[in-house]
Amino acid sequence: MRVALFLTCVNDTLYPETGRAVVKLLTRLGVEVDFPMAQTCCGQAHYNTGYRHEAEPLARHFSDVFGKYEAIVTPSGSCGAMVRELYPRMGERARAEGRGDTLAATLAPVVPKTYELTEFLVDVLGVTDVGAYYPHTVTYHPTCHGLRGLGLGERPRQLLRAVRGLELVELPGADECCGFGGTFALKNSDVSAAMGADKVRNAESTGAEVLCAADNSCLMHIGGTMTRLRTGMRPVHIAEILASTEEEPTA
């Protein structure tokens, strides 16, 4: 199977190791991975900040770049949800504004074949044991877009439970937002910081060494709070855990 890796802006700029982990993991599972060099932002930041028309050229470009692939895999619940949930809304809005069906028709091909990483592993490849080894105590934070937007449910936990050496402990208040929310963290910084502190205190109460999630944007927020509170815990993307083996540990 030949898939495209949609890395996302945050990962490309700040967390390239997550992209390398996805390639390592999928290649190990027999998947051919392409990285289209023409990929740019999916438009989520623009759309969520109210610049909806300005997001449209980015969405069109996304469809142009990724439309030819069997599947599009991203290590980001939020950007995956942008394509799956909000691209159809963009098309509907254009139609409602009297601009016809062109945008909806352009974006439609990429919507059903865009997958967050854990969705792709469990639903498309049909695997939960990916051959990973990670000898650490881990707690899992389900990020809002993955939990509520994509409905990832138990998929990440199924994958984590199958990792050799990993002890998974439940996170109190797991379904509560960490407080990041993109520009929410800038516009409502005091509330965002308080929510982040609550999340970190709950994580610390588990005694886990590592907090993992499927979105590095949320992990960036949580990790910064961990550092300020001097917890000793560390944030790790789930892709890096699943890519890790006894012979080649990644995180």
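This is a predicted model: local features need pLDDT of at least 70, side-chain atom pairs count only at pLDDT 80 or more; totals for chains, interfaces and linings use all residues.

Mentor: Residues are numbered from 1 along each chain as its sequence is written, and side-chain values use heavy atoms, with hydrogens and water left out.

Trainee: How many helices and strands are there in the protein chain?

Mentor: Helices (H or I, at least four residues) and strands (E, at least two) are DSSP runs, numbered from the N terminus. In the protein chain, the numbers are 13 helices and 8 strands.

Trainee: What percentage of the 251 residues count as buried?

Mentor: A residue is buried under 20% relative accessible area, exposed over 50%, and partly exposed in between (1.4 Å probe, protein chains only). For the protein chain, the buried share of the 251 residues is 51%.

Trainee: At what angle do H11 and H12 pack?

Mentor: H11 covers residues 189–205 and H12 covers residues 216–229, with their axes 9 Å apart. Axes are lines fitted to C-alpha atoms, for helices over the stretch in contact, and angles run from 0 to 180 degrees between N-to-C directions. The angle between H11 and H12 is about 75°.

Trainee: Which residues of H12 meet H11?

Mentor: Contact means heavy atoms within 4.5 Å. From H11, the residues involved are Ser192, Gly196, Ala197, Lys199 and Val200. They meet, in H12, His221, Ile222, Thr225, Met226 and Leu229.

Trainee: What share of the contacts with a separation of 6 or more comes from residues 24 or more positions apart?

Mentor: These contacts are counted over the protein chain, at a separation of 6 or more. Residues 24 or more positions apart account for 78%.

Trainee: What are the dimensions of the box that the C-alpha atoms fill?

Mentor: The box is taken along the principal axes of the protein chain. Its dimensions are roughly 55 × 45 × 30 Å.
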